[in-house]
Amino acid sequence: MGPLEQRKKGILPQIDIAGHRYTVDIRLNELRNSDFPNKRLGLDEMVTSPDGRHYLFFYIRESKSILHASVDLVAVPQKAVLVEIPDELGLDPVGMARKYGLKDEYFLKMHPYREGLKGKITSFEKSGLPEYVAANQNLKGQPQQGMKSRKL
């Protein structure tokens, strides 16, 4: 049975994020870690990409959680990466159709169902996070740590 048929029978799609499997649950607006269901990534905690068709978020591999960048962030967390994933239509077009009371196939022409979804990973060095942390350190009058990674 193919992934579309599985989805129509109620099996939720999955996405790989930095080597961790997450179940896509559009109804609850979250990605739920398949091995540790208490580890959840809320879609409403992610930022929309400039093209409007993807989500971006900083992900801490060890804790399997979203890093919320704020002015209080003055050290680069160890094992943080920038992740880009498709929006809801790219993650689960059938789930989106059901959410709005439409036929399962409604979005499939423009958003075909794909299996093997995988988040695009950008290392923290290339993510802009070190520069953001350096700017925060300047605001707080702390010495800069450079590109060194520090555990939070």
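**Salt bridges, rings and fold of a predicted model**

Colleague: How many salt bridges does the structure hold?
Modeller: The model is a predicted one. A pair counts when a side-chain nitrogen of Lys or Arg lies within 4 Å of a carboxyl oxygen of Asp or Glu. By that rule the number of salt bridges in the structure is seven.

Colleague: Which residue meets Arg 7 in a salt bridge, and are the two side chains' residues buried or exposed?
Modeller: The N to O distance in this pair is 3.0 Å, and the partner of Arg 7 is Asp 92. Arg 7 sits in helix H1 (residues 3-8), while Asp 92 is in the loop between helix H2 (88-91) and helix H3 (93-99), so the bridge ties together parts 85 residues apart in sequence. As for accessibility, both Arg 7 and Asp 92 are buried.

Colleague: Where in the chain does the salt bridge of Glu 105 and Lys 8 find its two ends?
Modeller: The side chains of Glu 105 and Lys 8 meet at 2.4 Å, N to O. The pair links distant parts of the chain, 97 residues apart. Glu 105 is in the loop between H3 and strand E9 (117-118), and Lys 8 is in helix H1.

Colleague: What is the geometry of the ring pair Tyr 22 and Tyr 59?
Modeller: A search of the whole structure finds three aromatic pairs. In the pair of Tyr 22 and Tyr 59, the ring centres are 6.2 Å apart and the planes stand at 80°. Planes over 60 degrees apart are classed as edge-to-face, so the geometry of this pair is edge-to-face.

Colleague: How many residues apart in sequence are the parts that Tyr 22 and Tyr 59 tie together?
Modeller: Tyr 22 has a relative accessibility of 0% and counts as buried. Tyr 59 is likewise buried, at 0%. Tyr 22 belongs to strand E2 (residues 20-25) and Tyr 59 to strand E6 (residues 54-60), so the separation of the parts in residues is 37.

Colleague: Which residues do ring pairs link into a cluster?
Modeller: Tyr 59 also pairs with Phe 57: their ring centres are 6.4 Å apart and their planes at 85°, so the pair is edge-to-face. Phe 57 and Tyr 59 are both buried. The cluster linked by ring pairs is Tyr 22, Phe 57 and Tyr 59.

Colleague: In what order do the elements of the protein chain run from the N terminus on?
Modeller: The protein chain has four helices and ten strands. From the N terminus on, the order is α-β-β-β-β-β-β-β-β-α-α-β-β-α.

Colleague: What share of the residues of the protein chain count as buried?
Modeller: The accessible surface of the chain comes to about 8900 Å², and 52% of that belongs to carbon and sulfur atoms. A residue counts as buried when its relative accessible area is under 20%. Of the 152 residues of the protein chain, the buried share is 43%.

Notes: Residues are numbered from 1 along each chain as its sequence is written. This is a predicted model: local features need pLDDT of at least 70, side-chain atom pairs count only at pLDDT 80 or more; totals for chains, interfaces and linings use all residues. Side-chain values use heavy atoms; hydrogens and water are left out. Buried means under 20% relative accessible area, exposed over 50%, partly exposed in between (1.4 Å probe, protein chains only). Accessible areas come from the Shrake-Rupley method with a 1.4 Å probe; for residues, only the protein chains shown count as cover. Rings of Phe, Tyr and Trp (its six-membered ring) pair if their centres lie within 6.5 Å; planes under 30 degrees apart count as stacked, over 60 as edge-to-face and the rest as tilted.
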